[in-house]
Amino acid sequence: MYLDFRDRLGIGTLFTAVISMLSREQGSIIYRPALPPSYPLAVRNPYLSTWMPSDQVKTLPYAEPQFWTGQSLSWSVMARVDGETYSLMNGKNAGDDIFPAVVSSAEYTSTHSIFTLSAGPATFTLDFFSPVSPSNHLRQSLPFSYLTVSISKAAANSIQIYSSIDDRWVGKQENSNQNFQKKDTTAIFSLGVNNSVLYEERNDMATWGEAIFASRPMPISNLSFASGTRENVRSSFIRTGKLDGNDHWLPGGIVALSHDLGIVTSSQSVTFAVGYVREEAVDYLGTPYTGYYRANYPGTPEAVAYFLDDYQDALQESLRFDLELSTKAKAIAGQKYADIVALSTRQAYGAIDLTIPNESLDIDDTLAFVKEISSDGNLNTVDVIMPAFPLYYAMNPDYIRLLLEPMMRYLAAGRWREPYVIHDMGSHYPNATGHDSQQAEPMPIEECGNLMVLALAYVRATGDRAWVAKYQDIMRPYADYLVDNGVDIAEQLSSNDAAGPLANETNLAIKAAVGIKAFGQLTGRIEYSRIGKERADLFFNQRLGTDRQKTHFVLQYPDKPASWKIPYNLYPDVLLDLGTFPPEVHHMSSTFFKSVRGEYGVPLDSRQDWAKSDWNIWLAATFDLDTRDEFVEDLWTFMTNGKHNWPFSDRYVATSAKGASPGVPILCRARPTVGGHFALMALNGPRSLWSTVPGAMESPNTMDDEGLETQREEL
């Protein structure tokens, strides 16, 4: 099986350690480490996001993968063993000449999804590998993913391996085109749209780029290729084990690659690359930005060839990454927490494009753009970056700056004239065109507080004082907005806009207090640190934000003693050791939230039956260990309950108390906000997970007010 393939690379022991986790067996299939709602197959950016719903794994030979939105994509894998053809994945409507293989196991790690199947006398594994390499911008930015098909059990069998995709990958199947080229020995198909419109989407799929499907012959294989109708291309492989070139292209066709391995007596493997390239990837204020990788490989053939060349190094890195993440997560909060963060990793990075200017290809002007997947598609939404930031903080805090920088430049240019921080950098991805009309969704306290926390987290983690010095004059009016508006809070939205606007929302008041203190720490201005502490005293010690018995924070103040909302905005106070609120706050919450748990955890507030997984893990990171572990257990139970098959949803029904069926997702799928699940890991410190880059400013515990004044003078 899969381990044998790794053993050939000399790293079988390492991978054995990675997957020596809990397994779940349902019927004849073993699921390691758990049964997720959906398996990431090729998940690299907003337009390369392909998944296999877990309820289709039992019938994987017939199952069609899906784009994150749920529309089907054809991605077929077949194997021919001693003249008999078996479908390993997506052989739907294949006819009597193709036999279904038998699925025996399904596994996932933070970077791999692996399926093991038996096909006659041979055993195959499908390894879908999407690299996650936070400190390697070149590797992280490449818009491709690997599929490795390996034979781990064969006894002198003649074996050929086939894979194909269709033109549904380009969004407009009815108007598709096909091209084939070679780069040395690498065979590359590209699928596009005739007369495509720049930056146009259909059903959240890009239509102005090209889907890529490629492979190269291995030392032990002969590679053939074909394009044309599904029936003609497949029948050629079924009859002969080879493909016979390209037919006239018609929309609805497929492109296919086949490896003839000959007689196989030991473990062998072949690798395919699948991807989606956009030369002009994002429109940033009228300037096209392209993938970072194009500074090294400006042409697609060169980029694809490099991606395949990089496979061994990327694989070695991924196995070590998987092992470190699993080991550290398990040590922090147990196996179930490790299961959660492993499934969250590819999804969290899979909404991001890492870019440079398309004309200059200047890597000194690197910017990151993130899509608000599953809601309205906003671009670089501040309250999407905020819940995800524990992931960046723990792995590579530079991503905080890379994601904020597009907005900070826009604010510095004076194009946003409201007194509070802008909500996002564009109404819909990939158009980072700002909101010169001043008509962005208003979340005044939310976004001002978020900016203060994110900026401090970045500087604390990296020591990059020059960045905050550059923008502190831009930030100070937003800190003043929190000071002036953080007690008598006008009716407004928070990040949870589905819950509607509120006046005097306690959780927003907490955010304002923590944000003010964060700005004080960031700039060394003692008066802000003092005000932040005074606000915390007002809302907790003086009980403006709690019930009279001080058992919990209320949803609204004053005079709403029976209401409550999870006070997740306390998490940055703990993470950054700001000390805005006293420890008694967290003991209070640890006790209270045990009393309002539903079947799948604690809802967002007393009005709702739905929970937000990112905020719940944020809050759990502030709790006593016993309550923290209950929150982890609740999220794991939702993740594995088998009631849903979406990419990991961060919003779901947590309780049946209001009549809804619990444990099912609502609206949100594949969102990057699952980066918030790393909140427990981030408590170990910046770059505490998978980083080779040293550097951090002083420990948050070492700066008193005098030190802050010194820092202020330096800035």
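View 1. UniProt lists residues 334–680 as "domain: Glutaminase A central" in an unreviewed entry; UniProt positions follow the numbering used here, feature names are shortened, and annotations may be inferred rather than shown by experiment. This is a predicted model, where local features need pLDDT of at least 70 and side-chain atom pairs count only at pLDDT 80 or more, while totals for chains, interfaces and linings use all residues. Numbering starts from 1 along each chain as its sequence is written, and side-chain values use heavy atoms, with hydrogens and water left out. Residues 334–680 come out at 45% helix and 5% strand, with the end C-alpha atoms 11 Å apart (helices are DSSP runs of H or I, at least four residues; strands are E runs of at least two; both are numbered from the N terminus).

**View 2. The N-terminal annotated stretch.** Here the unreviewed UniProt entry gives "domain: Glutaminase A N-terminal" for residues 111–327. The span is 20% helix and 46% strand, and its end C-alpha atoms sit 15 Å apart.

View 3. The chain splits into domain 1 (30–299) and domain 2 (366–683), with bounds from an automatic or database domain assignment. Their centres, taken over C-alpha atoms, are 38 Å apart. The contact (heavy atoms within 4.5 Å) takes 31 residues from domain 1 and 34 residues from domain 2. Together the domains bury about 2600 Å², 62% of it on carbon and sulfur atoms; buried area is the accessible area (1.4 Å probe) that two parts lose on being put together, summed over both. On the domain 1 side, Pro37, Trp68 and Tyr284 lose the most area to domain 2, together 26% of what that side buries.

**View 4. Charged pairs.** The rule finds two salt bridges across the interface of domain 1 and domain 2 (a side-chain nitrogen of Lys or Arg within 4 Å of a carboxyl oxygen of Asp or Glu). Lys371 forms a salt bridge with Asp204, the closest N and O atoms being 2.7 Å apart.

**View 5. The largest nonpolar core.** Among its 226 residues, Trp75, Phe124 and Phe389 touch the most other members. A core is a set of buried Ala, Val, Leu, Ile, Met, Phe, Trp, Tyr and Cys residues joined through side-chain atoms within 4.5 Å, buried meaning under 20% relative accessible area (1.4 Å probe, protein chains only). Helix α10 (residues 444–462) gives the most to this core, with twelve residues.

Methods
Buried means under 20% relative accessible area, exposed over 50%, partly exposed in between (1.4 Å probe, protein chains only).
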